[in-house]
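Subject: Structure handover

Dear colleague,

I am passing on a structure that you have not worked with before, and I would be glad if you read the notes below with it open.

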Amino acid sequence: MIRKPLYFITLFFSFLLVQQAFSQAKAIAKKENPGRLFNDTTATDSDYLMSIEKAGEVLESAYNDTDFEGGTFHLFGEMKRTESKLELILASLKGANPNVRNQQMYRLVLQEIQQELEEQNKAINERNLNLEKIKKRVIDLRKDKTLITLLRDTIRRKQFKKEFANLKKRYIATDSLMTKNQSILNNKKRLTVQRKISVSNALVTVEGKLEKSGISIFKKEYPSLWQTSDSAIKKKVTHNIKAKVIIEENVAAYYLSYKAGGLITLCFFMGLLFWYISRNIKYLKENGHAENLSQFNFKYLNRGVLIPVAVISLNIAVVTNLYAPALFLELLQLALLGALTILFKNQWSGVAMRNWLLLLALFFALCFLDLFITIGLLQRCAFIIINILGVRYGLVQIKTLKEQLYIKRFFKWASILFIGLNGLSILYNLFGRVSLSNMLSLTAFISLTQIVALSVLLKIILEIILLQIYTTRVKRGIEKMFDYESLSNTLKKPFIIVISYMWLIVIASNLNIWESLRLSIQKLLSHPNTIGSITFTLGNIVLFFIIIWIAHLLQNYVAYFFGEIDDENEENINKRQHSKLLITRLIVLISGYLLAVAASGMPLDKLSILLGALGVGVGLGLQNVVNNFVSGIILIFDKPIQIGDVVEISSESGRVKSMGLRTTKINAPNGAEIIIPNGNLLSQNITNWTYTDNFKLVEITFEINGETIPEEINTIVNETLLKLPLVNNSKTSQIYYSSISDGKYKLLIKFWCSIYRTEETISIARQELYSSFKEKGLTFSS
């Protein structure tokens, strides 16, 4: 294939001799028979030049297209990086600690390398195919009849000798480059195939080691403990440890570079969180709310922001790096436990703190033995001692930790799991199942320490949310404290589900069952099921309900980020903010339902049938439901009433507490909550006392007896009202006399005050007016 263009161009120049003989025979034939059988189509020099120029352009474009572009060099760079990655993994496989977490990391990386090799092989095939297409473009020059005619004509061909020389030069350059590049691609393809074979063999080895250490296989790996003669003791233990440290460091360093992008992103977002929390705390302190902040009884944010944020980031790092090498993962765990220790200091009792430090010491010893000590009599005996101490710890000392945690219910199950796994580890170790025993030991300690860390994580998240709510309220001018304990209990419910999920996947991954469990669940959820003409998967249904649940959860909780609390009743309520909140809730809810329908995978034709059936249902019995729903949307955007307004509807009156898509709740003055369908609101006359502002014109009638004149009475009334902070003095008060006689005056006073404190303002005004007139020696009666 590679020499086809060369063959063709050789044909061009060698075919001339054949054409010369053919031309002589043709001339003789024309003399004998002067017909038009052998006559060629007449072509001009311009036609020949255009044909030569076209051939030159084809060869020039073929040269340019054959040359490797930036994308190809990027591909070669990716192949080089893949080669380096594969060499490091293959070298690590030979000497690294054969624990489950290292093998899981190797499997994950090898699978990704396998995918990269598939993509690289595909890219090389595409470039080889492009070269074949370029060759075809050159070969297609044979179809140019004008160029063929010129090659046959020896006389005219001499006129274009220079052009043919340039054409030949271009061809040789193109052919040389094409030969070189195709050779490079073939070599790259051969290397890719070899690497794919190496990856497949390495995957078989890793899968075998993972299967060998799996819980479902109880085959003895090593002799029973009483039959073991430790040969490792005779070796240089120090040299052994150093060698393993070097190997584990290389593997951990590789993984760190491999996951650098994700870790940098995590650090960036944690930095933003640190800045945001610090800004809120600084704002509250600068505005004199530090004492109120202490009333929230924060356990962790009051001790600084850096360590709580570090606890959040380390928890996330542990859960998102399930298949990290053992050294990397255990360093993350120890860093997390160190941060927790700083938080617990001076907060936990002395006994609880000592027990916590003992747990950390046992965990550290376990990690050291697992990573750096070769499996033998020494390691197995040390594991058994730690397991015995762990069982005793779970039965006696663990209770002191439980009392210090925010989530006590889950800690009970973690304690049972901790004791059970330590007990099983002792049995498996005695009877030679060392890999399984080591895995169970580490899982036992990680399950206990992780539930402590997740409990602290939940408490920190709730404290951050409460801080956000209080800061937002202070910025709105609302300094009133709210029931933060009840709010925390409401907020923690969805977070407990997330915390439970995080805990379970950490345990499952350490037991080497998470991947198979995940694949089994994925297979179950993705299996197609058919009912009639409708095909669906269980995963689509689950995803549909999860999205609906999340949408309702968000629309319920989004108010907290606006600083809104359900039981607030402030008169300076921000109606514009409430309108934004209602629109946000509506958008979240509608988007959630649309996304859920899209995620369900329901075909549009089936959806149209469903909508048709729904239309029939609306026509028969759901008119009121749809009417109220549409009315709710109209109320949200038209805004005849808003949350906080004081309204009168028919015989009902009160303050609007909340507005939903179906009903509106009104708090009556007597404490009753009136629930009115939105359709009724739009179909009745509504008196909105606070549509423009929150002030109401109120009036007081009273009599004044004594020797005075109206001008003095007016002065006393105006001066008294000016002293009252609840009276809106920006609007002029009005004084009317219904009766005037000697020593007797009947007055009607009208003034503006907050509609939320009408009765209180009238009462205070009466008292102050009474005192003012009595000081002047006048009698006041109402």
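The notes below cover a helix pair and some aromatic contacts.

This is a predicted model, in which local features need pLDDT of at least 70 and side-chain atom pairs count only at pLDDT 80 or more, while totals for chains, interfaces and linings use all residues. Residues are numbered from 1 along each chain as its sequence is written, and side-chain values use heavy atoms, with hydrogens and water left out.

Helix 13 (residues 350-372) packs against helix 17 (residues 434-475) at an angle of about 145°, and their axes are 11 Å apart; helices here are DSSP runs of H or I with at least four residues, numbered from the N terminus, and axes are lines fitted to C-alpha atoms over the stretch in contact, with angles running from 0 to 180 degrees between N-to-C directions. Among the residues that meet, helix 13 contributes W356 and F363, and helix 17 contributes F445 and V452, where contact means heavy atoms within 4.5 Å.

W356 also forms an aromatic pair with F344, edge-to-face, at 5.3 Å centre to centre and 75° between the planes; rings of Phe, Tyr and Trp (its six-membered ring) pair if their centres lie within 6.5 Å, and planes under 30 degrees apart count as stacked, over 60 as edge-to-face and the rest as tilted. Because F344 lies in helix 12 (residues 326-344) and W356 in helix 13, this pair ties together parts that are 12 residues apart in sequence. F363, Y393, F418 and F445 form one aromatic cluster.

Best regards

Conventions. Helix = DSSP H or I, 4+ residues; strand = E, 2+ residues; numbered from the N terminus.
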